[in-house]
Amino acid sequence: MDFAHSHRNPPLPTPEEQARELIDAKLAASGWIVQAYREMNLAAGPGLAITEFPGAHGEADYLLYVDGKAIGVTEAKPVGHTLKGVEGQSASYADGLAANLPAWRRPLPFQFESTGEVTQFTNWLEPNARSRDIFSFHRPESLREMVQEAAPLRAGLRAMPEVPRQGLWPKQHTAILNLEKSLGLAKPKALIQMATGSGKTFTAANISYRLIRHAGARRVCFLVDRTNLGIQTLKEFQQYLPPGERHTFDKLYNTTFPQRNHFDPVNRVVITTIQRLYSVLTGQPDLAVEDEERSAFEGPGAFKRPPVPITYNPNLPPEFFDVLIVDECHRSIYSVWGDVLKYFDAFLIGLTATPSKQTIGFFNQNLVMEYTHEQAVADRVNVPYDVYEIKTRITSQGSDVDAGFYVGKRSRKTRVERQEELDSDLQYGADDLDRSVVAVDQIRTVVQTFRDKLFTEIFPGRTEVPKTIIFAKDDSHADDIVGIVRDEFGRGNDFCQKITYRTGTLRVTDLVTDPDGTQREVVRYEKIKGKTGEDVLTGFRNSFNPRIAVTVDMIATGTDVKPVEIIFFMRSIKSPNYFEQMKGRGVRVMPADALKGVTPDARSKTRFVIIDAVGVCERCKSERGPIDREPNKTLKQVFDYIKAGGTDPDAASSLAGKLTRLAADMTDRQHDEVRKHADGKSVDDLVRGLVLAIDEASVEAKARDLNPGFGEPTVQQLDDAEHLLIKDALKPFYDPHLRDLLLQIKQDNEQTVDRVSQDELLTAGYSRAALEKAKSKIEDFKRFIEDHKDELIPLQVFYGQATPDRLRFRDLKELAEQIKRPPVSATTEELWRCYEALESAKVEGKGGQLVTDLVSLIRHTLRPSEPLTPFAEVVRERYTTWRQQQADAGVVFTDDQAKWLDKIAEHIATSLAIEMEDFHDGWFAQRGSLGKAHELFGDRLHSIVTEMNRVLTA
């Protein structure tokens with residue numbers, strides 16, 4: 001009976017046996033034949049994984065054979081076992097192969113450690129070889145190819161020739177230099193941030209050439225998220241002529257943008273969408289054309305269903321690509337389809353104009369190049385922008401309709417409308433607009449204001465509507481906007497057109513000049529079906545009409561539309577990075593003659609304007625905002641402030657923006673005059689100096705130069721450094737002759753046109769509405785504190801109802817999470833920015849990024865007379881005082897003790913307190929943990945920790 005029971009319930013496999021089953025399956029999927037040592041048969045196939053193979057240092061879990069010769073080992077461990085600690089064991093097996101057995105090299109060059117769920121790999125042929133996590137085992141033929149290479153990729157990356165400057169902008173040259181330095185150190189990920197329009201794709205073509213030509217990369221994958229971006233990239237590679245070569249890139253190395261689910265190994269560069277690559281990896285037979293036309297990360301319905309998990313694909317093994325270049329990597333690719341990137345055993349290079357914290361974190365904080373919009377403006381690679389707000393009552397507050405009135409009921413799909421009497425009051429808010437409720441007069445009021453203010457305030461002196469992109473909420477909303485724009489401007493169908501994925505035919509009007517100088521319009525029609533977004537946009541980009549394009553997301557990102565001078569938001573955007581990309585459609589520079597060919601009354605493209613009709617600029621406000629931070633002030637007003645000694649960063653930034661716009665219209669003679677009065681410096685040189693003076697990286701570098709050996713600069717040191725940089729950049733403008741010259745040039749190059757028109761707006765112009773929003777947010781925070789002071793420990797401490805020693809970091813973190821929810825709905829960083837906007841004189845430093853800054857926020861809210869200082873800065877100041885008090889009392893610390901004290905203070909600044917168990921983590925764990933702390937401080941350790949916790953946070 002016991003035997004029968006045992007037969008029905010066999011013993012569960014041990015963790016070691018479970019791991020072996022997983023590893024066997026992964027090896028088999030990668031083309032290996034798994035054999036027991038006693039059944040070893042070298043004739044069974046080219047790649048064998050022999051289990052329990054005896055050696056000089058014990059039995060190897062798996063000895064790998066390729067073509068009858070040993071090539072590597074695999075050490076198996078149970079699921080959950082850490083792998084770094086068993087690398088020495090694997091290496092001993094690789095070194096212990098009997099001398100009379102055939103091997104590709106000795107010691108064996110390839111070493112794997114695996115639990116079946118996690119696998120890591122070391123290639124001992126590489127310089128400074130170190131292990132790295134891989135998706136699965138390399139195929140036998142891949143290891144054979146690697147062992148036969150003259151030099152591995154990582155060796156080639158350490159011996160790259162000098163980067164030639166020929167054909168490169170300075171910033172592109174710097175980006176390549178910095179990237180190759182990172183690759184030479186074998187860092188697996190690197191992020192390049194370059195402003196829109198600064199040539200990221202051209203830079204990538206240079207990078208790809210050098211990796212293949214000089215480092216020996218076999219294949220490079222360039223990832224985009226939309227067909228038209230892939231086509232643009234392919235054209236860039238096809239047109240690229242590397243320095244010293246007689247043929248373009250695609251003639252030297254096979255380059256493809258595949259339209260089916262097959263990647264031929266003969267191609268050295270594969271340009272593909274993330275959608276297609278995912279489709280290939282998940283074994284789908286092919287991908288519908290429309291699935292590549294729309295970005296996978298934008299628009300309604302993106303990622304409503306979780307993606308199918310990626311499994312091993314023998315047709316596209318993880319070692320297929322050596323390098324992945326991810327274009328516009330600011331998007332949600334890392335959180336949603338991150339497995340696509342994690343699949344390949346390849347270097348990962350990101351390209352973006354707007355990196356988020358999530359993106360920078362994904363790339364291991366390895367931002368090798370940072371080229372901001374402000375720097376690009378100073379280099380005349382971008383044009384600056386202004387923000388013009390249009391705010392109506394319904395936009396801000398919604399509206400209501402009383403029962404008994406008739407309203408239209410329209411099908412969203414067919415747009416057929418019927419009239420219906422309301423049997424109850426209808427109330428709707430701002431969020432309901434153009435989705436469940438269409439307020440026609442709201443759209444009309446916004447458009448009327450745009451029409452009336454266009455030639456008087458937004459682009460004074462113009463007579464033709466500048467090329468404009470209006471972003472709508474959806475296809476139905478776009479239809480409403482198009483109809484009202486045509487009505488209010490009194491123009492025809494060709495003037496304003498919808499460009500979305502549902503558009504059927506585009507009517508294009510070209511303005512043609514005859515030999516006698518007369519102009520006439522020539523109309524042609526473009527069918528959109530079967531065309532990419534790039535094809536559809538050709539008419540808008542190159543023709544006189546349409547003047548206004550209404551879209552949802554077809555022109556949102558990555559598409560080059562240089563003549564655009566107005567970006568008009570009639571839809572809200574939740575993602576700040578997506579907003580920055582949409583905004584980027586206007587930043588591109590354009591030669592004056594080319595612009596006049598599309599917009600005849602435009603002198604030159606000196607700026608573009610964001611028209612914000614939904615408050616999106618405030619919700620998605622970037623840290624910097626427009627380079628001209630004071631658009632309502634004249635150049636003379638800025639000069640008056642500067643000549644009196646003003647060094648405010650906003651004034652320096654505004655001066656840079658105004659001079660950039662001025663320089664675009666200046667003649668060669670005027671440029672020469674400026675150089676004579678500015679010690680040989682051009683207007684562009686002066687602008688670069690101003691931008692550099694307020695650039696965060698430059699300010700930090702200056703602070704470090706002024707305070708050598710100090711460590712991280714303090715807020716005061718950063719402020720002092722910025723003041724010195726700005727003062728130095730403003731010195732040329734102390735000369736009254738230069739100021740007068742620039743003012744005269746501005747007067748000579750501008751015409752003043754006075755036109756008056758009426759509107760019915762709440763506000764229109766460069767609004768300061770953010771102040772009211774900030775005030776409301778602070779009031780919500782104050783009410784929250786008052787309402788919860790008796791129940792939450794952090795608040796009880798501040799109200800004296802609990803002792804400070806009861807406050808724990810977890811309590812503070814929980815409070816921060818509660819504040820994120822209604823009624824406050826704000827992060828600590830948002831609250832900090834609100835105080836900066838309302839009480840800038842009382843805010844001492846940039847804070848809000850740490851949870852512990854909540855302590856400073858609560859303290860200032862309850863005691864407004866006290867300054868708002870980042871918690872870490874408070875801790876640093878108190879720590880400095882405490883150390884001095886110790887020294888005054890005759891207490892001497894060794895250098896090692898001082899280092900540990902510094903780190904204890906840093907830990908308290910970020911975690912509110914330090915406990916004994918904290919010495920087992922992070923920096924402390926790497927240097928001996930709690931045992932080392934006891935060794936350094938002896939019996940004083942407990943009292944020192946207690947005292948520092950009390951003194952630094954009191």
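About 40 Å³ of space lies in the second largest cavity of this predicted model, one of two cavities of 30 Å³ or more in the structure. A cavity here is a set of points, on a 1 Å grid over the protein atoms alone, where a 1.4 Å probe fits but cannot get out. Grid points join across faces, edges and corners, and the volume is the space filled by probe spheres set on the points.

A word on the ground rules: residues are numbered from 1 along each chain as its sequence is written. Since the model is predicted, local features need pLDDT of at least 70 and side-chain atom pairs count only at pLDDT 80 or more, while totals for chains, interfaces and linings use all residues; side-chain values use heavy atoms, with hydrogens and water left out.

Back to that cavity. Its lining (residues with an atom within 4 Å of a point) consists of Phe 53, Pro 54, Gly 55, Gly 58, Ala 60, Leu 63, Tyr 93, Gly 96 and Leu 97. That splits into six nonpolar, three polar and no charged residues, where Ala, Val, Leu, Ile, Met, Phe, Trp, Tyr, Cys and Pro count as nonpolar, Asp, Glu, Lys and Arg as charged, and the others, Gly among them, as polar.

Now for two helix pairs. Helices are DSSP runs (H or I, at least four residues), as are strands (E, at least two), numbered from the N terminus. Axes are lines fitted to C-alpha atoms over the stretch in contact, with angles from 0 to 180 degrees between N-to-C directions.

| Helix pair | Angle | Axis distance |
|---|---|---|
| helix 26 (residues 683-694) and helix 28 (residues 715-730) | about 170 degrees | 8 Å |
| helix 35 (residues 871-888) and helix 36 (residues 895-911) | roughly 150 degrees | within 9 Å |

Helix 26 and helix 28 are therefore roughly antiparallel, a label for angles over 145 degrees. Their contact (heavy atoms within 4.5 Å) involves Gly 689, Leu 690, Ala 693 and Ile 694 of helix 26, facing Glu 722, Leu 725, Ile 726, Ala 729 and Leu 730 of helix 28. By class, that's seven nonpolar, one polar and one charged.

In the other pair, Phe 871, Ala 872, Val 875, Tyr 879, Trp 882 and Arg 883 of helix 35 meet Ala 898, Leu 901, Asp 902, Ala 905, Ile 908 and Ala 909 of helix 36. This contact has ten nonpolar, no polar and two charged residues.

Another cis bond joins Asn 545 and Pro 546, with omega about 0 degrees.

Methods: 1 Å grid on protein atoms, 1.4 Å probe; cavity = no way out; pocket = protein on both sides within 12 Å on 5 of 7 lines; lining within 4 Å. Parallel < 35°, antiparallel > 145°, perpendicular 65-115°, else oblique.
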